[in-house]
Amino acid sequence: MSGTNTKMHADEVDIDEALVERLVAAQFPQWARLPVRKVRSAGTDNAMYRLGADKTVRLPRIADAEGQVGKEQRWLPHLAPHLPLHVPVPLGQGVPGEGFPFAWSVYRWLDGANLFDEPLTELHTAAVELGRFVAALRRIDTAGAPRSFRGGPVGTADAEVRAAIRDLGADGTLDARDATAAWEAAVRVPQWEGAPVWLHGDLLPGNLLGHRGRLSAVIDFGCVGVGDPACDVMAAWTLLAADTREAFREAAGVDDATWARGRGWALRFGLTAEHYYRVTNPVLAAVAHRASAEAIADHHGHRDRHRS
């Protein structure tokens with residue numbers, strides 16, 4: 001994956017191959033002789049290193065991401081048997097050491113390229129498979145499950161979204177009037193009144209793997225938890241286009257209000273991520289720009305269809 005060496009956060013720690021080698025040797029001596037190689041990534045919370053041929057090491061870049069470690073270790077084995085796509089398999093959990101302040105994880109390596117770098121050739125099939133994945137998540141037992149920080153109302157980031165619209169509009173990146181209209185429509189949509197359900201929370205192209213042109217795996221469950229399923233519907237705009245969106249919706253089985261909130265989530269992600277990462281992470285900023293543009297265009301198309 002293409003990426004950047006620029007730090008994305010003011011409180012980001014230093015991580016390199018030598019550190020990973022020391023951590024593995026100290027805590028997992030059975031793997032100490034395996035080569036360590038950095039995985040280029042536009043991910044924002046964690047750094048990834050390949051360990052030998054069949055393992056990967058995932059280390060939080062910032063303190064706020066450390067809580068993802070225990071959550072993934074606890075819940076991925078619970079979720080995996082019920083899901084129709086491959087997900088990460090935890091092999092070990094590390095603790096702070098060697099000057100590194102956070103817990104960290106070792107996972108089984110999953111073959112495939114993330115969709116930032118290698119777009120799928122079978123996008124319609126992928127839309128159906130991803131919709132089924134979202135639907136399968138919703139059916140899994142939620143007893144004891146953590147709340148996803150993206151499981152609440154989309155409008156909780158109203159101030160942040162409006163600041164992004166103001167700044168991106170001022171530099172000509174978007175039409176602020178169109179973006180504001182789409183955002184205000186999103187926050188007016190009726191909220192989820194059902195029981196909380198499982199959601200991945202971060203279905204972006206960089207968290208999806210493809211193999212031979214087909215969708216093969218979903219990774220990065222740092223946002224996993226329960227809440228309103230609308231956040232996972234944002235994949236319809238972060239990944240898909242108009243010609244495959246309906247196939248995803250049918251497979252996901254969501255109602256009109258959840259679909260509209262999902263479009264709001266795509267807009268929220270797109271605006272705030274482009275605003276925050278446009279200098280430090282241009283790969284993610286480009287994905288974010290596409291997501292908000294698709295969401296705004298779809299909102300206006302939906303509005304016009306209902307007026308005709």
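Me: How is burial read here, and where does asparagine 207 fall: buried or exposed?

Reply: Buried means under 20% relative accessible area, exposed means over 50%, and partly exposed is in between, with a 1.4 Å probe and protein chains only. Asparagine 207 has a relative accessible area of 9%, so it is buried. The model is predicted: local features need pLDDT of at least 70, side-chain atom pairs count only at pLDDT 80 or more, and totals for chains, interfaces and linings use all residues. Residues are numbered from 1 along each chain as its sequence is written, and side-chain values use heavy atoms, with hydrogens and water left out.

Me: Where does asparagine 207 lie, and which residues does it touch, not counting those up to four places away in sequence?

Reply: Helices (H or I, at least four residues) and strands (E, at least two) are DSSP runs, numbered from the N terminus. Asparagine 207 is in the loop that links strand E7 (197–199) to strand E8 (208–211). Contact means heavy atoms within 4.5 Å. Beyond residues up to four places away in sequence, asparagine 207 touches His200, Asp202, Ala217, Val218, Ile219 and Asp220.

Me: Which strands pair with E8?

Reply: Two strands pair if DSSP finds at least two bridges between them. E8 pairs with strand E6 (residues 113–114) in the antiparallel sense, over 2 bridges; there, glycine 210 is the bridge partner of alanine 113. Strand E9 (residues 214–218) also runs antiparallel to E8, joined by 4 bridges, and valine 218 in E9 is the bridge partner of leucine 208. The hairpin of E8 and E9 has 2 residues between the strands, and arginine 212 takes a positive phi near 55° in this hairpin.

Me: How many disulfides does a search of the whole structure find?

Reply: A disulfide is a pair of cysteine sulfur atoms within 2.5 Å. The search finds 0. For cysteine 223, the closest cysteine sulfur is in cysteine 231, at 7.4 Å, which is too far for a bond. Cysteine 223 is buried at 8% relative accessible area, and cysteine 231 is buried at 0%.
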